[in-house]
Amino acid sequence: MEVLEFIKEHKASISYFMEGGCFSFYLLLKQEYPQAQCYYDMDHIITKIDGLYYDVTGLVFGDGFLPLEEYSESTKRRIMREHYKPKI
């Protein structure tokens, strides 16, 4: 399934994922697209899949975002606290 098609299927949950659940959305995409990579800009998480960047709204620009692995362990823990929500 195309990434944008997959995202469209989850549009009903947009507020859930945009209000503190962007890491959860990355995890959802990662289940469907194992090559997905997590990117962060100290505020929001987006997902890189096959050279393109996505969040729950669809295609986004990746300017200013870095791969999650480039952040410190303390920042990663903060991300988990602030951007992860258990499943709906």
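## A tour of the chain, stop by stop

Start at D50, which is exposed, with a relative accessible area of 64%. Exposed means over 50% relative accessible area, buried means under 20%, and partly exposed lies in between (1.4 Å probe, protein chains only). Residues are numbered from 1 along each chain as its sequence is written. The model is predicted, so local features need pLDDT of at least 70 and side-chain atom pairs count only at pLDDT 80 or more, while totals for chains, interfaces and linings use all residues; side-chain values use heavy atoms, with hydrogens and water left out.

**Stop 1: two backbone angles**

Stay on D50. It sits in the loop between β2 and β3. Its phi is positive, about 50 degrees, although D50 is not a glycine. Most residues other than glycine have a negative phi.

Now select M42. Its phi is near 75 degrees, again a positive value in a residue other than glycine. Look for M42 in the loop between β1 (37-40) and β2 (45-49). M42 counts as partly exposed because its relative accessibility is 46%.

**Stop 2: the whole chain**

Zoom out and colour by secondary structure. The protein chain has four helices and five strands. Helices (H or I, at least four residues) and strands (E, at least two) are DSSP runs, numbered from the N terminus. Follow the chain along its sequence and the pattern reads α-α-α-β-β-β-β-β-α.

Next, take in the overall dimensions. The C-alpha trace spans about 35 × 30 × 20 Å along its principal axes. The radius of gyration is 12 Å, which agrees with the value near 12 Å for a compact globule of 88 residues. That radius is taken over C-alpha atoms, and the globule rule is 2.2 Å times the number of residues to the power 0.38. Of the 88 residues, 43% are buried.

**Stop 3: salt bridges in helix α4**

Select helix α4 (residues 73-83). The structure holds two salt bridges. A salt bridge here is a side-chain nitrogen of Lys or Arg within 4 Å of a carboxyl oxygen of Asp or Glu.

Show the side chains of K76 and E73. They form a salt bridge, with the closest N and O atoms 3.2 Å apart. Both residues lie in helix α4, three residues apart, about one turn of the helix. K76 counts as partly exposed, at 22% relative accessibility.

Move along to E82 and R78. In this salt bridge the closest N and O atoms are 2.9 Å apart. E82 and R78 both lie in helix α4, four residues apart, about one turn of the helix. E82 is partly exposed too, at 41% relative accessibility.

**Stop 4: two surface patches**

Switch to a surface view. Patches are made of residues with over 30% relative accessible area and no salt bridge; like charges are joined within 9 Å, and nonpolar side chains (Val, Leu, Ile, Met, Phe, Trp, Tyr) within 5 Å. Accessible areas come from the Shrake-Rupley method with a 1.4 Å probe; for residues, only the protein chains shown count as cover.

Select L4, L52 and L59. They make a nonpolar surface patch of about 270 Å². L52 lies in strand β3 (residues 52-55). At 42% relative accessibility, L52 counts as partly exposed.

Finish with E2, E5, E9 and E32. They gather in a surface patch of negative charge. Lys and Arg count as positive, Asp and Glu as negative; His and the chain ends are not counted. Each charge is placed at NZ of Lys, CZ of Arg, CG of Asp or CD of Glu. Within this group, E5 lies in helix α1 (residues 3-9). E5 is partly exposed, at 45% relative accessibility.
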